[in-house]
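Take a look at the chain below before reading on.

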Amino acid sequence: MKSIQTLFVLFLGIMSQISFAQFTDEINSNRPGKSMMAFAVGKKIIQTETGVTYVSEDHNLLGYEAKGFIGELAIRYGVWKEELEVIGEIQYQNDKLTIGDFEEKRSGFKQLTLGAKYLIYDPFKNYEEKVNIYSWKANKKFKWRQFIPAFSMYAGANFNVGDNPFNYAPANIEEPSFSPKVTAIAQNHFGGRWVLVTNLTYDKIGTDFASINYILTLTRGFNAQWSGFIENQGYMGDYYSDGVFRIGAAFLFDKHMQVDASVGKNLKNTPGLLNAGIGFSWRFADQYQEVQIAKPGTQTKTDKKMKKKGEKEAKKRKDAVE
């Protein structure tokens with residue numbers, strides 16, 4: 001565990017040396033996968049991402065099974081700059097635990113986090129790909145630049161409200177009411193259809209539940225409305241370690257609304273997990289004001305004011321001489 005933590009700190013240290021926002025025409029929801037994308041929603045943009053997931057859990061050694069639902073809600077809001085957003089996430093689970101003839105209904109907050117994400121580096125900012133009008137081959141050739149990812153950092157806190165029966169820890173181990181969480185986020189665009197998102201998270205720092213988690217999400221756009229994804233998520237902690245694979249698809253209603261569906265299965269059977277969910281993402285962008293940059297050769301309002309001021313001062317000097 002200590003060696004993994006050391007690698008994580010070194011990775012953050014290297015990436016933090018790279019310091020350089022972007023409002024997309026279409027909604028950039030994190031759903032239906034579990035990874036967090038590098039780009040923010042945009043200044044003054046409110047975006048909600050909701051879902052309902054069916055969960056089935058069974059443990060071969062302990063002989064129990066649990067079936068129920070998880071309600072999910074994430075609220076993202078762009079503040080101060082294009083690159084910055086604050087994120088609140090809630091997961092509330094309700095299920096029924098069965099051990100032989102014993103049954104128990106359980107409910108509680110599985111996740112309650114609040115944090116902020118900042119886009120540190122955008123490889124597309126101030127970059128325009130030149131088109132070779134004389135060579136189709138030159139325009140279609142492999143480009144190494146696509147391996148340069150957009151990079152963001154997320155920092156937040158987990159809040160534990162009441163008893164959490166879903167953390168796999170022994171009954172005598174209590175989860176603290178507050179714990180920090182940090183995530184390094186990289187996002188690559190390959191061609192015009194493929195997107196690879198990588199998350200590396202150090203979660204519940206300084207507690208008995210501390211873990212290193214990773215997520216790799218590969219998304220492909222099929223057309224203007226449909227996209228699909230595959231995802232691998234790994235957990236490495238003292239009380240729970242596992243790997244989960246997910247597949248799913250999303251449909252874009254319009255540039256502000258998206259629906260999605262996904263299914264996931266873990267690798268082991270202690271416990272075995274099966275999840276299937278649907279979701280909806282929506283953004284409210286009426287308050288967004290596009291940042292306009294004057295084209296070369298055009299005058300801004302400031303340029304015009306300075307020009308008028310200069311003309312007035314020149315006229316005063318001329319009158320004084322006469």
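What follows starts with the whole chain and then moves to the details.

This is a predicted model, in which local features need pLDDT of at least 70, side-chain atom pairs count only at pLDDT 80 or more, and totals for chains, interfaces and linings use all residues. Residues are numbered from 1 along each chain as its sequence is written, and side-chain values use heavy atoms, with hydrogens and water left out.

Start with the overall inventory. The chain holds 3 helices and 12 strands. Both kinds of element are DSSP runs numbered from the N terminus, with at least four residues of H or I for a helix and at least two of E for a strand. The chain has 322 residues, and 39% of them are buried. Here buried means under 20% relative accessible area, exposed means over 50%, and partly exposed lies in between, with a 1.4 Å probe and protein chains only. The accessible surface of the chain is about 19,700 Å². Carbon and sulfur atoms account for 59% of that surface. These areas come from the Shrake-Rupley method with a 1.4 Å probe; for residues, only the protein chains shown count as cover.

Now follow the strand pairing. Two strands pair if DSSP finds at least two bridges between them. E2 and E3 run antiparallel and are joined by 14 bridges. Within this pairing, Tyr77 has Val86 of E3 as its bridge partner. The hairpin of E2 and E3 has 5 residues between the strands, and Trp80 there takes a positive phi near 65°. E3 also pairs with E4, again in the antiparallel sense, over 16 bridges. Val86 returns here: its bridge partner in E4 is Ala116. The hairpin of E3 and E4 has 2 residues between the strands, and Gly100 in the turn has a positive phi of about 65°.

E12 (residues 272-284) brings in another set of partners. E1 and E12 run antiparallel, with 13 bridges between them. Val52 stands opposite Ile278 of E12. E11 (residues 257-266) is also antiparallel to E12, with 9 bridges. In that pairing, Val263 has Ala276 of E12 as its bridge partner. A hairpin of 5 residues joins E11 to E12.

The charged pairs come next. Side chains of opposite charge can pair when their charged atoms come close. The criterion for a salt bridge is a side-chain nitrogen of Lys or Arg within 4 Å of a carboxyl oxygen of Asp or Glu. The whole structure contains 10 salt bridges. One of them joins the side chains of Arg76 and Glu49, at 2.8 Å from N to O. Arg76 lies in strand E2 (residues 64-78) and Glu49 in strand E1, so this pair ties together parts that are 27 residues apart in sequence. Both Arg76 and Glu49 are buried.

Which strands does the salt bridge of Lys117 and Glu85 link? Their closest N and O atoms are 3.2 Å apart. Lys117 sits in strand E4 and Glu85 in strand E3, 32 residues apart. Lys117 and Glu85 are both buried.

Arg106 and Asp95 form another salt bridge, with closest N and O atoms 2.9 Å apart. Arg106 belongs to strand E4 and Asp95 to strand E3, 11 residues apart. Arg106 counts as buried because its relative accessibility is 12%. Asp95 is buried too, with a relative accessible area of 3%. Elsewhere, Arg31, Lys34, Glu72 and Asp260 are linked in a network of salt bridges.

Turn to a loop residue. Phe209 is placed in the loop between strand E7 (194-203) and strand E8 (211-221). Is Phe209 buried or exposed? Its relative accessibility is 9%, so Phe209 counts as buried. Phe209 and Ser179 are 30 residues apart in sequence, and their C-alpha atoms are 9.5 Å apart in space.

A pocket is an open set of points on a 1 Å grid over the protein atoms alone, where a 1.4 Å probe fits and protein lies on both sides within 12 Å along at least five of seven lines; lining residues have an atom within 4 Å of a point. The second largest pocket has a volume of about 570 Å³. Its lining comprises 28 residues, and Asn164, Pro165, Asn167, Tyr168 and Ala169 lie nearest its centre. Strands E1 (46-59), E3 (84-99) and E4 (102-121) each supply at least two residues of this lining. E4 gives the most, with 3 residues. The lining divides into 13 nonpolar, 7 polar and 8 charged residues.

Notes: Points joined across faces, edges and corners; volume = space filled by probe spheres on them. Nonpolar A, V, L, I, M, F, W, Y, C, P; charged D, E, K, R; others polar.
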